[in-house]
Amino acid sequence: MTDRTPLPPNPFKPAREKLIDRQIREAMSAGKFDDLPHRGERLPIVDDSAAGDWALAYRMLKGASFAPPWIETDKEVRALLARRDAILERAPRSSDIGRRRDERELREVVTAANAAIFRLNHEAPTAAQHRRLLDLDAELTALAAAHASG
């Protein structure tokens, strides 16, 4: 039986952990970690339970500031609905000329919103993300009521 004693570590070849620890320590002393988000706070919990098998893909896309097409389309729909709401909000203060402008603009917004909603309903992965098309007559009736209240 031979007695095998371990060799002493080679001082000219530092262990991997020691090299990494040194690099981290140097970066910390240089202040490279000072402006990281959530510094000194708990990291937020990301709930990807609704994404299922796609959770990792969606997280990577989000990290790259990219969203799937249906999410971008939904943002477009929400912006158009906000424009519609702004028209209805200013309607009571509109003059006669402003009322014609409001009606023309509302028609354009509803047409654009319906086109975006149609696109969204075809791009979205499930029916839970679908939206109903806007009814132009109902929107014009709401605008007329808003004009009458002013």
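The structure holds 13 salt bridges, a salt bridge being a side-chain nitrogen of Lys or Arg within 4 Å of a carboxyl oxygen of Asp or Glu. This is a predicted model, in which local features need pLDDT of at least 70 and side-chain atom pairs count only at pLDDT 80 or more, while totals for chains, interfaces and linings use all residues. Residues are numbered from 1 along each chain as its sequence is written, and side-chain values use heavy atoms, with hydrogens and water left out. Helices are DSSP runs of H or I with at least four residues, numbered from the N terminus.

- Side chains of opposite charge can pair when their charged atoms come close.
- Glu76 forms a salt bridge with Arg119, with the closest N and O atoms 2.5 Å apart, and this pair links distant parts of the chain, since Glu76 belongs to helix α3 and Arg119 to helix α4, 43 residues apart.
- Glu76 counts as partly exposed because its relative accessibility is 35%, and Arg119 counts as partly exposed at 34%; here buried means under 20% relative accessible area, exposed over 50%, and partly exposed in between, with a 1.4 Å probe and protein chains only.
- Arg84 has a salt bridge with Asp85, where the closest N and O atoms are 3.1 Å apart; Asp85 is partly exposed at 40% relative accessibility, whereas Arg84 is buried at 15%.
- Arg84 also forms a salt bridge with Glu139, the closest N and O atoms being 3.2 Å apart, and this pair links distant parts of the chain, with Glu139 in helix α5 (residues 136–148) and Arg84 in helix α3, 55 residues apart.
- Both Glu139 and Arg84 are buried.

**The largest pocket**

- The largest pocket has a volume of about 500 Å³; on a 1 Å grid over the protein atoms alone, a pocket is an open set of points where a 1.4 Å probe fits, with protein on both sides within 12 Å along at least five of seven lines, and the volume is the space filled by probe spheres set on the points, which are joined across faces, edges and corners.
- Its lining consists of 20 residues, of which Asp48, Ala51, Tyr58, Trp70 and Ile71 lie nearest the centre, and lining residues are those with an atom within 4 Å of a point.
- The elements giving two or more residues to this lining are α2 (55–63) and α3 (69–90), and the largest share, six residues, comes from α2.

**Loops and backbone**

- Most residues other than glycine have a negative phi.
- His38, in the loop between α1 (16–29) and α2, has a positive phi near 65°, and His38 is partly exposed at 37% relative accessibility.
- Ser65, in the loop between α2 and α3, has a positive phi near 55°, and Ser65 is exposed at 71% relative accessibility.
- Leu36 also has its place in the loop between α1 and α2, and Leu36 is partly exposed, with a relative accessible area of 45%.

**Helix α4**

- Thr111 lies in helix α4 (residues 96–123) and counts as exposed because its relative accessibility is 54%.
- Thr111 and Ser95 are 16 residues apart in sequence, and their C-alpha atoms are 24 Å apart in space.
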